[in-house]
Structures are given as structure tokens and as C-alpha cells.
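Please open the model in a viewer and keep a selection panel at hand. The tour below moves from stop to stop, stating what to select and what is found there.

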Amino acid sequence: MSEATLPISPVNLGMESKPRSPLQNAWREFRRNQIAVFGGIFIIFVVLVAFIAPLITPYDFRTQNTAVSRSKPMTGYIVSETQAEQCHWNNTPLEWGCTIYLAGSDSLGRDLFSRVVYGTRVSISVAVIASVVSVVIGVIIGTISGYFGGWIDDVFMRIVDFLYAIPVLPIIILMQVYFQALARRNVAAGLGGYLLELNQNMGGLLFLFIAIGVLNWIGMARLARGQVLTYKNKEFVEAAESVGASHQRIIFKHLLPNIFGPLLVAETLAIPGYIFLEAILSFIGLGVNPPIPSWGSMINEGYQGVRSNAHLVLVPGIALTLLTLAFNFMGDGLRDAFDPRMRGRK
Amino acid sequence: MIKFVLRRILVAIPVMFAIALATFLMVQALPGGPFDVVGFRAMPEPIREILEERYGLNEPLYVQFFSYLGNLLQGNLGPMLRDQSQNVNDIVGQTFPVSIQLGILSLILGLVIGVPAGIIAALRHNSAIDATATFVAVLGVSVPNLVLGPVLILIFGVYLDWFPVAFWGADPPFTLYFLPPLTIDFWTHAALPVFALGTGISAGISRLTRAGLLEVMSEDYIRTARAKGLRERAVVLIHALKNSMIPVATVMGPLLAGILTGSLVVEQIFAINGMGRKFISSIGSREYFLITSLTLIYSVLLIGGNIMVDVMYAWLDPRIRYD
């Protein structure tokens, strides 16, 4: 390194009086990284937008106005009296009797801005649920197989070998085709019927979660296993064992807190992948059911007409890029914050 | 090493079998069949029965599966059910080389841009160049090819009008099965799709190269090399670079999976007749044998790629031994 390395002392570690936990240290480090904090704030903003979407969108995401399809952004249209009556901002009829599309309208005359805003709901829920599913399954399996070893670990490694050879996207595509065909027939009874109905009410998201979740826990499980293997022979675990701590206590008190950081980092950096996957599936028509807006399906509706109506692709495309950018910035910041070797390298 | 590769291939055989079985059952479980319609009308029942008998679709599933497997072992990927003038081998022959070209060219682009960018960023650590390169790399990783494709079409295809925006510039057969022809038509057509797929790869590679090189440059043997009075260029290129490639090699496996996924999207956007596009379009027509065979080809590529990565690993880091 070019800068002079100071000898390690309490002073340059910033530990004058009381010691901090690794988590507090990481949080301090993270806060200093402006671009990562900005990424985090942006994600919170998008989550907020997803929650209050009905309050901030001028139109419903379904409402078609074929009189003004594919209008350019920020243009107003005076339409007939009857249609002018539908012109609302936040449920208040607008005085000027017009239609203004902030981001233009799509080929069916639906407000692009409202659709992009509602699209945050799909992306955010995929991000949240896919990561919760992959972390829960991954940590349980990874921790058990790393901690107990033996045949459990062998079985786990065989499953990993198998899943690593699976071409994920083609298989997910097949699964989605299967689910959607079932949903169209709507014949199943009992639990299957209940799931089908639930999926229908969720706009096709349930099966998307299942398809994405089933194949993406493997990375988390490998990571958790590796981390547990690293820590389980450390002195503090041996010390805990020697005073008779139970497996449960060692796992929850000593191991999991230590592997929290790497898992958080890996998951944050994996989320863009889940968001892409949903976007790709919706792009090829196997994601959410229309008319629910997903950024991927909006790109699909727009990309063939990109010559004349670039905004149909650019608006959802920019939204998608900004969200993944925010996750990557935050993930990088978290990684630097949790990795003590990165301290002082900035 | 040869023993290691052979063992990996042996282990892969049951995995391939399981994938073939799973895909075959999944495809057959899809409601509807290949002979439901003819044109826009429903296929008459007697004709459908004759067709199903001809392709053995009326047999029990396990019989069908093992006869498919038997054909597979003889290099016969099965018949096409809708478009009966061709068989699956013909389709794979038309689409596979195109997808391979797209994937390999993108990988080359990724390495050619990514590795030098990473080296420069690491050597100019904490400088403006480093900051810019790092920022651009994060941007490159974050722009999905789903978005990059249409944006490239818009900028270079429509506004600047430099490159054609659709189709692949040449059709198989190619020399040596997949070598790209040296025609202007081919390369102008390839430019945008390869860029759309390669940008993310190069961004990822440059980030890893930078991180790896930074890590390695603080090692003792680098200090030793410098103390011997070697020029900085020799220190970096001969001593540091090889070891700094290890983190790059670790992601080659996932990267390969990413290329397969990405090529599916890019082929769709640029209307390229590759495997991915064929895969998607053949699901609707329930081409059982084509779907299963393409999925198998994807997993052969994945497994083969992962074995190659492990071999490269051992070459990069002689401490790794596979015995």
C-alpha cells in the first residue's frame, strides 16, 4: 500500500473508551461510505413508493385510453368530455379536463408512470421474498451440514453437485410454463387448487417465488456451510463446548452472529440477480400475469418499437437499472464494512 | 489431473441422467401436446392417434424415456414433432454454433476489456482513474442486458446507424463448426449483441481482477520481487497477475451460467436464431425431444465449463492438487 501503515493501537482503531461489537464497527464503516448509504436510501425510497403506489399515481395501472396510445412523456392531450372526466390526480378530478402522462403512455394508452410505479411492487416483493426464502433454506441446510458433518454433509454436497449442473433459466422457464398451464386449466382441487387461487390473486407472483426460491438457496447454503466450517474449530467455540453449551446454543449464540456479515453481503449482492430473473421471465411472457405491470414485461412491450417510442423501453429500463445499481452500491459498501482488511483502504 | 477430469466426467453421468429424466417428465407433464392443432384447427382425433403412434408417444413414459436415451447414446437427439421435415440434430446444428459464437465472443470481449481495466485500476489505486473504473464497472454490472440491448439498438442502430440491429450475420455450417467467418457482414451484425452480452461480463471481470491484484500486491513475494530490482512491469505481469486471476477463475462457473442465461435474452432481443430463442419458441409447440435435448446441451456446457474452471484453477495455483 502506498500510505504509511500505522502500528495497530487503540488510537487508530478508534477504540478509546469502550469496545464495539463487530456489527457496530461495520455500521460505522458503512455510514462513512456515502455512495453505499445513498444506495440504501434509494432502496428505502423504492420500498416506500411500492407501499404508497396508489397514493402517488395519477391513474390506475389498468386503465386504458386508446385515444392517446404511445404518447410521448410530459405531453398533455385534450380528449373528449367523457374521457376528460376520468382524468384524476390522486382521486381528485383535474380542472383542466385533460390527460397528462408524465412518462408517456404505452400502446394501450395506459399511463407509463403509474405502471412503472406499480412495477416497484413486483420487483421489491421478488427481492424480499426470494432473499428470505434463499436465506432461510440456505442457512438451515448450510449450518446443519457444516456443523454436524458426516453423512448429512455428504448428502448435501451431492445435492449441490446436482444443482450446479442444472441450467437454472431453462428449468425455471419450464416450471413457469407448467404452472401457468395449470393455472389456465384451473382444475386442481385441495391444496393445489388453493395454491392456484392464491397465485391468481397474487397476479402469478406465488409461482414465480417458488420457481426462483427453489433453485437459488444453493449459493447461500454453500456460503453458510463454509463459514460454519471456518468458525466451528475456533477457540471460542471450543471454549463454549468445554463448559457444556448445547449445540443449539453454540449455533445460535456463537456461530450465526459471526456469519451474519458475509451472509448479509452475499444476499444483498444476490438480490439484483433475483430482480433480473423476474424481469427476464416477465420479458418472455412467463412472469406476472397481465395487466399487472412488471418492468420486464413493460420492456417486452416496448423493445420492438424502440425506434419510434424509445420511452416505452427507457422508462422501465432506467427504473430497473437504478434499483439494481442501488443494491450493488449498498452490497459493495456492506462488504467493505464487514471486511476488516478493507479498513483504511479508502 | 487426467484422472481428476475422468472422475469428474464419471460423476457427471448420473447427474446428466437425472436432469434428462427430470426434464423429460416435466415436458411431458405440460398440458397439451404437439399434435393438438394443425394450422389453426384442432387436429382430428384419428390423425392425432396415428401421429402419436408413429413417434411412440402412446407408449408408457418409461418406455419413451429409455428409447429416447438409447437414441441419445447413438447421437440421435430425436425427431421434431411439428416441423417433421427436420429432426432435432438439424435444429441443434443450425442454432448451437450461433449461440457458441455469441457466448465465446462475449467472453473474449469481457476478458479483453475487463482484465486490463482491472489491472490499471489496481495499479493506480485510489486515483481518479481507479474511481472512474470502479464506478463504470458497478454500472456495467448493474445494467441488465435486457435494458442494454434496446439501448444499444437505439444509440448505435437508430441514431448513429452504425450497425444492423437484428439477426446474426452468417448461418452455419462454419469452418471447424463454430469459427466466425471474416466477413464485414458477420462482424457488424455481431457487434451489438456481443456488446450487450459482454459488457456485464467485462465489468464483473474488471472488479475481480482489481480486487485480486490489490490483494496479491501486498504479498511478501511481490516485495521480494521488487527487492531483487525487477522492473514494475515484470513484477505485475509475471509475478502478480497469475495469482490475481484466481478470484476471476472462481467466478468462471457462475459466469458461464450467466452467459447461457444472458444469451437467451440477447438472442430474443436481437432476433438471433440461437439455442435460447429456439428453446423458448419450441415450448409453445411442445417439441418434447427438442426441449429435453436443448436442456441437456445447456447442462453439458455447464458441467464441461465447471470442469475446465477446476483445471484452470490448478494451473493458476499449483498449491491446488486434485488427487
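A charge is taken to sit over a ring if NZ of Lys or CZ of Arg is within 6 Å of the ring centre and within 35 degrees of the ring normal. With that criterion in mind, select B:Lys242 and B:Trp315: the lysine lies over the face of the tryptophan, at 5.0 Å from the ring centre. Please note that this is a predicted model.

**Aromatic pairs**

Next, display the aromatic rings of every chain; a search of the whole structure finds 22 aromatic pairs. Select A:Tyr178 and A:Phe179, whose ring centres are 6.3 Å apart and whose planes meet at 45°, so the pair is tilted. A:Tyr178 is partly exposed, at a relative accessible area of 27%, whereas A:Phe179 is buried, at 15%.

Move to chain B and select B:Phe96 with B:Tyr177. The centres of these two rings are 6.2 Å apart and the planes stand at 40°, so this pair too is tilted. It joins distant parts of the chain: B:Phe96 belongs to helix α4 (residues 88-123) of chain B, B:Tyr177 to the loop between α6 and α7, and 81 residues separate them. B:Phe96 is buried, with a relative accessible area of 17%, while B:Tyr177 is partly exposed, with 41%.

A further selection in chain B shows a cluster: B:Phe17, B:Phe24, B:Phe65, B:Phe66, B:Tyr68 and B:Phe289 are linked by ring pairs.

**The loop between α6 and α7 of chain B**

Keep B:Tyr177 on screen and inspect its backbone. Although B:Tyr177 is not a glycine, its phi is positive, about 75°. Then select B:Pro173, which lies in the loop between α6 and α7 of chain B. The peptide bond leading from B:Pro172 to B:Pro173 is cis, with omega near 5°.

**Helix α6 of chain B**

Select residues 145-159 of chain B. This is helix α6, with 15 residues; its first and last C-alpha atoms are 19 Å apart, close to the 21 Å expected at 1.5 Å a residue. Colour its buried residues, among them B:Asn145, B:Leu146, B:Val147, B:Pro150, B:Ile153 and B:Gly157. Which helices do the buried residues of α6(B) pack against? From chain A, they meet α11 (247-283), α12 (295-303) and α13 (311-338); from chain B, they meet α7 (184-217) and α11 (252-269). Just after the helix, select B:Asp161, where phi is positive at about 55°.

Is A:Ser297 buried or exposed? Its relative accessible area is 11%, and it is therefore buried, the cut-off being under 20%. A polar atom of its side chain lies 3.0 Å from the backbone oxygen of A:Ser294. Leaving aside residues up to four places away in sequence, A:Ser297 touches A:Ser282, A:Phe283 and A:Ile292.

**Helix α8 of chain A**

Select residues 190-201 of chain A. The end C-alpha atoms of this helix, α8, are 17 Å apart, in agreement with the 16 Å that its twelve residues should span at 1.5 Å a residue. Its buried residues are A:Gly193, A:Leu196 and A:Asn199. Viewed down the axis of α8(A), these residues fall within an arc of 125°, so they line one face of the helix. An α-helix has 3.6 residues a turn, so residues three or four places apart point the same way.

Turn to the face directed away from the buried side: it carries the exposed residues A:Gly190, A:Leu191, A:Tyr194, A:Glu197 and A:Asn201. The cover over the buried residues of α8(A) includes α7 (168-185) and α9 (205-231) of chain A. After the helix comes A:Gly203, with a positive phi near 70°.

Select A:Asp106 in the loop between β4 (99-101) and α5 (112-148) of chain A. At 3% relative accessibility, A:Asp106 counts as buried.

Finally, select B:Ala271, in the loop between α11 and α12 (275-284) of chain B. Its phi is positive, near 50°, in a residue other than glycine. With 17% relative accessibility, B:Ala271 counts as buried.

Conventions:
Residues are numbered from 1 along each chain as its sequence is written. Chains are lettered from A and ligands numbered from 1 in the order in which they are written. This is a predicted model: local features need pLDDT of at least 70, side-chain atom pairs count only at pLDDT 80 or more; totals for chains, interfaces and linings use all residues. Side-chain values use heavy atoms; hydrogens and water are left out. Helices (H or I, at least four residues) and strands (E, at least two) are DSSP runs, numbered from the N terminus. The expected span of a helix is 1.5 Å times one less than its number of residues. Buried means under 20% relative accessible area, exposed over 50%, partly exposed in between (1.4 Å probe, protein chains only). Contact means heavy atoms within 4.5 Å. A polar contact is a pair of N or O atoms within 3.5 Å; within protein, one must be able to donate a hydrogen and the other to accept it, and residues adjacent in sequence count only if both atoms are side-chain atoms. The arc is that of the directions from the helix axis to the C-beta atoms. Rings of Phe, Tyr and Trp (its six-membered ring) pair if their centres lie within 6.5 Å; planes under 30 degrees apart count as stacked, over 60 as edge-to-face and the rest as tilted.
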